[in-house]
Amino acid sequence: MQRRKFISSSLTVTAAAIAAPQVLAHGPQESSGVSKRQFYQLRRYQLANGPQRKLADDYFRNALVSGLNRMEISPVGVFNVTIGPETPVMYVLIPSTSVERLVSIDERLMKDQEYAKTAAPFLNAPAKEPAYARMESSLMQAYEKMPQITLPAVSTSKSPRVFELRTYESPSNQDHWRKIEQMSSGEGDIFSKAGIPQVFYGDTLIGGRLPNLTYMLCFNSLAERDAKWDAFRASPEWKVLSTNPRFAFEDIVSNITNIMLAPTAYSQI
C-alpha cells in the first residue's frame with residue numbers, strides 16, 4: 001500500500017508540473033479558468049479473442065463503471081475498437097477535475113468493498129489466464145475552450161452512434177501548441193458548422209509519443225461520418241484556417257492515429 005501511495009503522489013506532482021507550463025504558455029485567460037477544466041485518463045486494454053473479452057466486458061459493466069460513479073466520477077465511456085490497427089481492444093475514458101483522484105483510482109476503488117467483490121474475477125485472474133494482454137493509459141488536460149466532456153444527444157438517448165478517436169502527434173512543442181491554438185481558435189467551430197458533435201479535446205500530459213493531442217467526435221453512422229468530413233474539408237472557413245501562415249508555416253502535425261469506436265451498451269458516453 002505504501003508503494004501505491006508513493007506512486008500516486010509522484011504521478012500527481014508530475015502531472016501538476018507538466019500542466020503548469022501549459023497554463024503559462026497560453027497566458028492568463030487560460031490560467032483563470034483552469035480549475036474548471038477536466039483531466040482525462042484514457043485506458044487502452046489489449047485483449048485476446050476468447051475468455052478475455054467476456055471477462056473484461058463483465059468487469060467494466062459490473063464493477064468499474066459503477067465503482068467510479070460511486071466516487072462521483074462520470075460520465076465514464078467504454079468502447080470497442082471497430083476500425084483500428086489492432087483488435088480486440090477496448091478503451092475506457094475517465095474524466096475528473098482532480099488529477100489526484102485520477103491517478104489514485106485503483107487505490108480508492110480497492111477500498112470499496114462492493115467493487116472489490118465484483119471485480120475479483122478480473123483482478124485475480126491467474127497468470128496462465130490473464131484478464132488482458134496489456135493495458136496502457138494516458139493522462140490529458142482538457143482545452144480551455146472545451147473544458148469538460150460534452151455528451152452528444154445520441155449518447156443521452158442511447159441511439160445508435162459511432163465515435164472517432166483521433167490523436168495528432170507534432171514534431172516539436174512549438175508545433176504542438178500551434179495545433180492546439182488552431183483547434184481552439186476556429187477548427188472546433190468548423191466541426192460544429194458541419195454538424196459534427198465534439199465529445200472532448202485533451203492535451204496529453206503523460207503518455208506515449210509526446211507531444212500529442214487527442215480528441216473525440218461522434219456520428220450516427222460511418223456513412224454520416226464520411227459525408228460530414230467531406231463538408232468539413234470543403235468549407236471555406238477550413239480552407240482559410242488551414243492556409244493561415246501562423247499554422248501553415250511548416251507541418252505542425254507529423255502523424256495522425258485515427259480509430260473508430262463503438263460504445264458498449266453500458267457506456268455513459
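Biologist: Which helix is aspartate 230 found in?

Modeller: Aspartate 230 is found in helix H9, residues 222-234. The model is a predicted one.

Biologist: Why is aspartate 230 called partly exposed?

Modeller: Aspartate 230 has a relative accessible area of 46%. Buried means under 20% and exposed means over 50%, with partly exposed in between. The value of 46% falls in between, so aspartate 230 is partly exposed.

Biologist: What separates the C-alpha atoms of aspartate 230 and alanine 194?

Modeller: A distance of 9.0 Å separates them, although aspartate 230 and alanine 194 are 36 residues apart along the chain.

Biologist: What makes histidine 176 count as buried?

Modeller: Histidine 176, in helix H8 (residues 173-193), has a relative accessibility of 2%. The cut-off for buried is under 20%, so histidine 176 counts as buried.

Biologist: Which residues is histidine 176 in contact with, leaving aside its neighbours within four places in sequence?

Modeller: Histidine 176 is in contact with Ser170, Asp203, Pro211, Asn212 and Leu213.

Biologist: Which residues in H3 and H6 meet?

Modeller: From H3 they include Leu55, Ala56, Tyr59 and Arg70, and from H6 they include Glu114, Tyr115, Ala119 and Phe122. The residues of this contact divide into 10 nonpolar, two polar and two charged.

Biologist: What does tyrosine 59 touch, not counting residues up to four places away in sequence?

Modeller: Tyrosine 59 touches Leu64, Tyr115, Ala119, Phe122 and Leu123.

Biologist: Which residues touch the most other members of the largest nonpolar core?

Modeller: In this core of 28 residues, they are Tyr59, Phe60, Leu68, Val78, Val92 and Ile105. Elements giving two or more residues to the core include strand E1 (39-46), strand E3 (89-96) and H6. H3 gives the most, with seven residues. Apart from this core lies another, of 22 residues, among them Tyr143, Val162, Phe219 and Phe247.

Note on methods
Residues are numbered from 1 along each chain as its sequence is written. This is a predicted model: local features need pLDDT of at least 70, side-chain atom pairs count only at pLDDT 80 or more; totals for chains, interfaces and linings use all residues. Side-chain values use heavy atoms; hydrogens and water are left out. Contact means heavy atoms within 4.5 Å. Helices (H or I, at least four residues) and strands (E, at least two) are DSSP runs, numbered from the N terminus. Ala, Val, Leu, Ile, Met, Phe, Trp, Tyr, Cys and Pro count as nonpolar, Asp, Glu, Lys and Arg as charged, and the others, Gly among them, as polar. Buried means under 20% relative accessible area, exposed over 50%, partly exposed in between (1.4 Å probe, protein chains only). A nonpolar core is a set of buried Ala, Val, Leu, Ile, Met, Phe, Trp, Tyr and Cys residues joined through side-chain atoms within 4.5 Å.
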